[in-house]
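Please look through the sequence and the model shown below before reading on. The report then takes up a few local features, one after another.

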Amino acid sequence: MKNVLMLKKVFQHLLFHMAMVGLAILLAMQQVAASKPAGRMPQEQWITSAFDTLTLEEKIEQLFVFSVFGSAQEEDIQKLTQLINKYNIGGVIFRHGDVPDQLAVIQALQQSSSLPLLIGMNARTGLGTRLEGATRYPSFTALGAVQNETYLYELGAEVARQCRLLGIHINIAPALDIKGGVVQGQKEGDIMSDDFSQAFAKGLRYMQGMQDHGLIPCYRQYPLASPLAMANGGTRSLSPSPLLGNLVAQLNFTPDGEDIADKSLLLRNAIPETYLYEKYLKLEGLVFSEPLSQLKGDAGKLAVEALQAGNDMLLAGAEITQGIRGIKAALAEGSLKEDDIDRRVHKILRAKYLVGLDGIPENITDQDNEEKKLLWGNNARLLKQNLYEEAITVLRNEESLIPVRVLDTTTFASLSINLDQNGSSPFQKMLDNYASFAHYYIQDSKKDINYNSLFDQISQFEHIIVAFYAHPSRKEPEVNRELLTFLKFLQKKTKVTLVAFTSPYSLTELEKFPSLICAYDDDPVAQEVVPQILFGAIGAKGRLPINASKTLNAGVGVSTRGLARLGYSLPEAVGLNGNTLKLIDSLAQWAIDEEATPGCQVLIARKGKIVWEKGYGYQTYDKQSPITPETIYDIASVTKVAGTMQAIMFLQERGNINLDEKLSTYLPELQGTDKATITVREILLHRAGLRSFIPFWAMTKDRKGLNPSIYSFAQENEYDMQVASGLYAVSSLRDSVWHWTIDSKRITNKGRRNPSWRPEYNYRYSDLSFYLLHRLVEQVTNQPMDEFLRQNFYDPLGLSTLSYLPLRKFPLEKIAPTEEDKHFRNTLIRGTVHDEGAALYGGVAGHAGLFSNAHDLAVLMQMNLQDGIYGGDRYFQAGTINRFSIRQYNDSRRGLGWDKPEYLRDGGPTAPEASYASFGHLGFTGTAVWVDPKYDLVYIFLSNRIHPSVRNTKLLTEGVRTKIQSVIYQAMEDYNGR
């Protein structure tokens, strides 16, 4: 009796994370029946056949489950194999290991066992809980913050799928405790909710996902399902619980064929647990004991008492011999009956049948199998991101700092506490995608910190994001008096938002801060999601599941709305097949290997999410500086749409310019020239008869080379306009180029035997059109175009790299070089514009001159895709972008300033799959931006294919840009919802 009471105490206090493994027979039988292979022996026939082969001792041995650490060491496998050969045990529970080792061990053990083994693991929130190299999902506390329980069901389904890929049939988790509303145990990260009904309902959804997809989950419900009995073998009755009524009401437990009096009996009196299992929870399953090694006393007696308490399978190690001996003795003396053993063995065999162990052991996935790769695949990663997006909780937003709206007039800094400053964290990297941040650190909150110096530095910023991480020696950060005082003073001086990548219990001292977020875990995915919530790429949805402090009670949470900013996700989240997109890697590498370009950037955004952002190769062929997403490129003629067209659309919709008005109305210097009658619309359509290109730079040379009256190799006096590295020109050169543009002659169709109905000026793509538009913008705005674009678009959008004259902001090594110019500037062009005409304008021109990385171009194009809305602000009136981007004439693919897909003939600037609604532009340096409204798609390609020579046309002739674009559309077609 003493041991029985002690066993009961162990169960009630949850000393180990294994108790009752429930098998939902009705659901499982339906699933197995639906997928039963041809020729498979019927269930009852197989159970009877297998049972009849067992001796009494082998039946007893089937009740034991061996608990081991996963290992692929030969000697360990041999020991386990010897154990299985000696004892016909029913299963094995693994605690730790890594994926390859686990595969090897399970395969070896199944091949050694005469009757297939049930394989179990306490994979609480995914295999990553126990196995190195596998996915670990959010903590139970984070899962408790998720309001959409569909995601919890999907988590159970995904955990089940991954387990079955490795040959695992039982997940000894989660465990539900009615008494405390706890999932799994009383440890940090284990609490799903302090509210019983929520904890139970959410835990049950997780388990339903597992059992519906072929896994045997663990049910642990105290006092409802404590599998304990009195010493005489009778079934223990339940004591009334104040939460029991909530359980019945929450889950609507009504016994089939029973009257309502049975429910009142459940609430008022004690009833048998088996009745609860079968009539209320609809469960018939296997019940696992606590490990015999963790219980004090004789292992033989403990094994008997565990069976008497209602357990079906006994967890054992070296105690197995004593346990078998004790059960035999109990059978001999009559305290256990053979029928008790037979009944349990039948249940064990039924479980084995239902998980497919009725024949040859299942073919465990090997490492080369494509399905095995799904353990780390995009779908598993996407579910993890979805869970964190649903869970992360804004606890306080009293000053409406979240989401951040204003970027151009706010300075930002981050302060990371208990984080090593060697290298950026995922949190800091993601912050940098939304605004320019200065990053500060407190590596160890327990050490002495010079808070005065830190305060002087960081308080100068207007919005500071303070991130708490768990201290290495603790499971929550140390918010000592000095740190708390520092944060309070900082909050009085400037705006502060606190983010805790730890348990909510760590927030006790921070509960009164007006801007507060709980991320629950420091997982890299959680760190990437929080900045997206901070800046409005996604809205916050989570609710605090526990009572963390006096004011931070369960249910607290502020919902925030997104601001239509680009977020980050995986291809599958937006209907793209991630495996298909991997072809981009091959195409980019091929282009680099063939020296079509030394490197490139590729970015794909769909449905408001960046799902592909990679740098390939190097800045030059000497492979010294690798391309990263931060590398800046000369985007050449993409300037036309990323710069000039933004300004033209802005001015037109506000009535500052009329597209059908003569350009000379705004530029009087054109009056009296052959350009006096050109309309703004004709310029935008490239139908003004302007020459495609004029080598103005050649007019600045004499027989000896560069004209010394125009150029100097030093910046001095009137030579103040940089043309290239170490080369400067007089600022009056801009006026000279403008007058040369005016004086250039238009090309007419007259006299060329053209039909009379043909227009006088055909379509002819011309850089000179954008020389004129550049002048138009500056004349109408009375402002340099680079300043106008920066103030009205680039700064408010948070585009730090999209700019003219990048050397004013960035170091040279961050910018990819272009041509080794041997005909004009006689130097490597790097950091100054490659286009000669734009260089003569000092680097700021309408047709070229902008530099950018792929990310900033994607943001600008996304704003255009979203009809002018981004970050909660409207940059263009509704319909403006559509008016400019649609095709204007049947004999040309062009829109107003924007390029379009070719529809009259093969080829063109886009992939053939691009819709006719697409708009964008190419750049001479090997760049491209394309927006496809039909598919809600943005595609960016940047390269420096002209390095070191413009004669390298492989990128063009091989169609690298369009081939990569075709892969995107193929990925849409290949997406199958997985």
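## Two cis peptide bonds

P948 is found in the loop between β35 and α32, and in this predicted model a cis peptide bond, with omega about 0 degrees, joins H947 to P948. H947 has its place in that loop too, between β35 (937–943) and α32 (954–957). Is H947 buried or exposed? Its relative accessibility is 8%, so H947 counts as buried, since buried means under 20% relative accessible area. Leaving aside residues up to four places away in sequence, H947 touches P598, Q619, T620, Y621, P817, T818 and L828.

Another cis peptide bond runs from I402 to P403, with omega near -5 degrees. P403 lies in the loop between β13 (393–397) and β14 (412–417).

## Positive phi angles

A564 is not a glycine, although its phi is positive, at about 60 degrees; A564 sits in the loop between α20 and β19 (567–568). With a relative accessible area of 34%, A564 is partly exposed.

H686, likewise a residue other than glycine, has a positive phi near 55 degrees, and its place is the loop between α25 (680–684) and β23 (701–702). H686 has a relative accessible area of 1% and is therefore buried.

## An open sheet and a helix across it

Five strands form an open sheet in the order β7-β5-β3-β2-β12, and their pairing is parallel. The edge strands, each of which pairs on one side only, are β7 (170–171) and β12 (314–316). Strand β5 (residues 118–121) runs parallel to β7 and is joined to it by 2 bridges, and the bridge partner of G120 in β7 is I170.

Helix α14 (residues 320–333) lies across β2 (64–68) and β12, and it runs at about 165 degrees to β2.

## The buried residues of a helix

In helix α26 (residues 733–743), the buried residues include L733, V737, W738, T741 and I742. An α-helix has 3.6 residues a turn, so residues three or four places apart point the same way. Among the elements that cover the buried residues of α26 are β25 (711–712), β26 (721–724), β27 (727–729), α27 (768–781) and α29 (836–840).

## The largest pocket

The largest pocket holds about 920 Å³ of space. It is lined by 37 residues, of which M430, N433, Y568, E613 and P629 are the closest to its centre. Two or more lining residues come from each of α16 (378–391), α17 (426–432), α20 (524–534), β21 (609–617) and α30 (854–865), and β21 gives the largest share, 5 residues. By class, the lining has 13 nonpolar, 13 polar and 11 charged residues.

Definitions and conventions: Residues are numbered from 1 along each chain as its sequence is written. This is a predicted model: local features need pLDDT of at least 70, side-chain atom pairs count only at pLDDT 80 or more; totals for chains, interfaces and linings use all residues. Side-chain values use heavy atoms; hydrogens and water are left out. Helices (H or I, at least four residues) and strands (E, at least two) are DSSP runs, numbered from the N terminus. Buried means under 20% relative accessible area, exposed over 50%, partly exposed in between (1.4 Å probe, protein chains only). Contact means heavy atoms within 4.5 Å. Two strands pair if DSSP finds at least two bridges between them. Axes are lines fitted to C-alpha atoms, for helices over the stretch in contact, and angles run from 0 to 180 degrees between N-to-C directions. On a 1 Å grid over the protein atoms alone, a cavity is a set of points where a 1.4 Å probe fits but cannot get out, and a pocket is an open set with protein on both sides within 12 Å along at least five of seven lines; lining residues have an atom within 4 Å of a point. Grid points are joined across faces, edges and corners, and a volume is the space filled by probe spheres set on the points. Ala, Val, Leu, Ile, Met, Phe, Trp, Tyr, Cys and Pro count as nonpolar, Asp, Glu, Lys and Arg as charged, and the others, Gly among them, as polar.
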